[in-house]
Amino acid sequence: MTRILIADDHAIVRDGLRRSPLRPQLRFPARAREGGFDLLLLDMSMPGKNGIELIKWVKAARPELAVLVLSMHQEEQYAVRAIRAGAAGYVTKESASVLLVAAIHKVADGGLYISPGVAEQLALTLRPQATDLPHQSLSDREYEVFGLLVNGDTVSDIAVRLHLSGKTVSTHKARILEKMGVDSVAGLVRYAMAHNLIDARDA
């Protein structure tokens with residue numbers, strides 16, 4: 001039996017997983033400190049620390065624990081950042097449960113589960129480039145805020161969602177605009193649309 005720890009702050013997702021074909025092999029312990037898990041199924045959008053920070057923290061604390069990301073984000077840059085942070089796989093929440101089962105088996109067996117599109121993006125990051133695209137210069141937190149901004153969230157919305165102060169989010173926004181070389185969220189949206197960085201679910 002693969003022992004899986006689920007870290008997702010959405011009750012409906014946790015309940016859905018309980019009702020999925022995974023049910024016979026899942027355990028839902030209250031605390032990670034109990035240990036004895038083979039795999040961590042991690043939501044990218046958790047309150048407080050973002051998903052990338054959590055992946056790095058988990059891999060530093062428990063290098064042997066495989067991490068499979070279950071995310072609402074379709075956009076491949078999120079997956080690339082997750083893999084580079086130490087995740088062994090990335091699956092979207094819109095994926096069929098049979099795909100999730102396959103991903104869990106592969107990651108639990110020590111493999112890497114990524115889509116062809118993500119594999120291509122990872123390969124491109126290894127190629128020497130004279131200049132990177134502006135969004136690639138964003139920190140992981142800035143990229144998370146950028147994604148929320150271009151999908152219509154306000155500074156207040158983002159502050160609530162990420163459990164940050166409005167001032168902190170505004171600072172991130174200002175840095176993003178500077179790094180991206182635009183002067184408004186509308187400019188960020190145009191850039192995101194041109195580079196396919198807006199989630200299809202919100203397009």
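This is a working chat about a predicted model of one protein chain.

Biologist: Which elements have the lowest and the highest mean pLDDT?

Modeller: Among the elements of the protein chain, helix H1, residues 11–19, has the lowest mean pLDDT, at 52, while H8 has the highest, at 95. There is also a stretch, residues 23–33, over which pLDDT stays under 50, and for those residues the model has 25 contacts beyond four places in sequence.

Biologist: OK, on to the rings. How many aromatic pairs are there?

Modeller: The count comes to 2 aromatic pairs. One of them joins Tyr78 and Tyr143 in an edge-to-face arrangement, with 5.0 Å from centre to centre and 65° between the planes. Tyr78 belongs to helix H3 (residues 76–85) and Tyr143 to helix H6 (residues 140–150), so this pair ties together parts that are 65 residues apart in sequence.

Biologist: And what does Tyr143 do with Phe146?

Modeller: Tyr143 and Phe146 form an aromatic pair that is tilted, at 5.8 Å centre to centre and with 40° between the planes. These two residues are 3 apart in helix H6, which separates them by about one helical turn. Taken together, ring pairs link Tyr78, Tyr143 and Phe146 into a cluster.

Biologist: Which residue lies over the face of Tyr143?

Modeller: That is Arg81, which lies over the face of the Tyr143 ring at 4.4 Å from the ring centre. Arg81 is itself one of the buried residues of H3.

Biologist: How much of H3 is buried, then?

Modeller: H3 is mostly covered, since 8 of its 10 residues are buried. Those buried residues are Gln77, Tyr78, Ala79, Val80, Arg81, Ala82, Ile83 and Ala85.

Biologist: Switching to the core: which residues have the most contacts inside the largest one?

Modeller: The largest nonpolar core has 41 residues, and those with the most contacts inside it are Ile55, Ala82, Phe146, Ile176 and Leu188. Leaving aside its neighbours within four places in sequence, Ile55 is in contact with Leu42, Val67, Val69, Ala82, Ala85, Gly86 and Ala87. Another core lies apart from the largest one and has 14 residues, among them Leu41, Ala66, Leu70 and Ala88.

Biologist: Now the strands. How enclosed is S2?

Modeller: Strand S2, residues 39–43, has 5 of its 5 residues buried, so it is largely enclosed by the rest of the structure. Both of its faces are covered, with Leu39, Leu41 and Asp43 buried on one side and Leu40 and Leu42 buried on the other.

Biologist: Which strand does S2 pair with, and in what sense?

Modeller: S2 pairs with strand S3, residues 66–71, in the parallel sense over 5 bridges, and Leu39 stands opposite Ala66 in S3. S3 also pairs with S4, again in the parallel sense, over 4 bridges. In that pairing, Tyr90 in S4 is the bridge partner of Val69.

Biologist: Which way do the residues of S4 point?

Modeller: From strand S4, residues 89–92, Gly89 and Val91 point one way while Tyr90 and Thr92 point the other way, and all of them are buried.

Biologist: Last topic, the backbone. What about phi at His163?

Modeller: His163 has a positive phi of about 60° although it is not a glycine. Its place is in the loop between helix H7 (155–162) and helix H8 (166–180), and His163 is exposed, with a relative accessible area of 55%.

Biologist: And Val155, what is that in contact with?

Modeller: Val155 is placed in helix H7 and counts as partly exposed, at 21% relative accessibility. Leaving aside its neighbours within four places in sequence, Val155 is in contact with Gly166, Val169, Ser170 and Lys173. Val155 and Val145 are 10 residues apart in sequence and 8.9 Å apart in space, taken C-alpha to C-alpha.

How values were computed:
Residues numbered from 1 in each chain as written. Predicted model: local features only at pLDDT ≥ 70, side-chain atom pairs only at ≥ 80, totals over all residues. Heavy atoms only, no water. Phe/Tyr/Trp six-rings, centres within 6.5 Å; stacked < 30°, edge-to-face > 60°. Lys NZ or Arg CZ within 6 Å of the ring centre and 35° of its normal. Core = buried A, V, L, I, M, F, W, Y, C linked by side-chain atoms within 4.5 Å. Buried < 20%, exposed > 50% of the residue type's maximum accessible area, 1.4 Å probe, protein only. Contact = heavy atoms within 4.5 Å. Pairing = 2+ DSSP bridges. pLDDT = per-residue confidence, 0-100.
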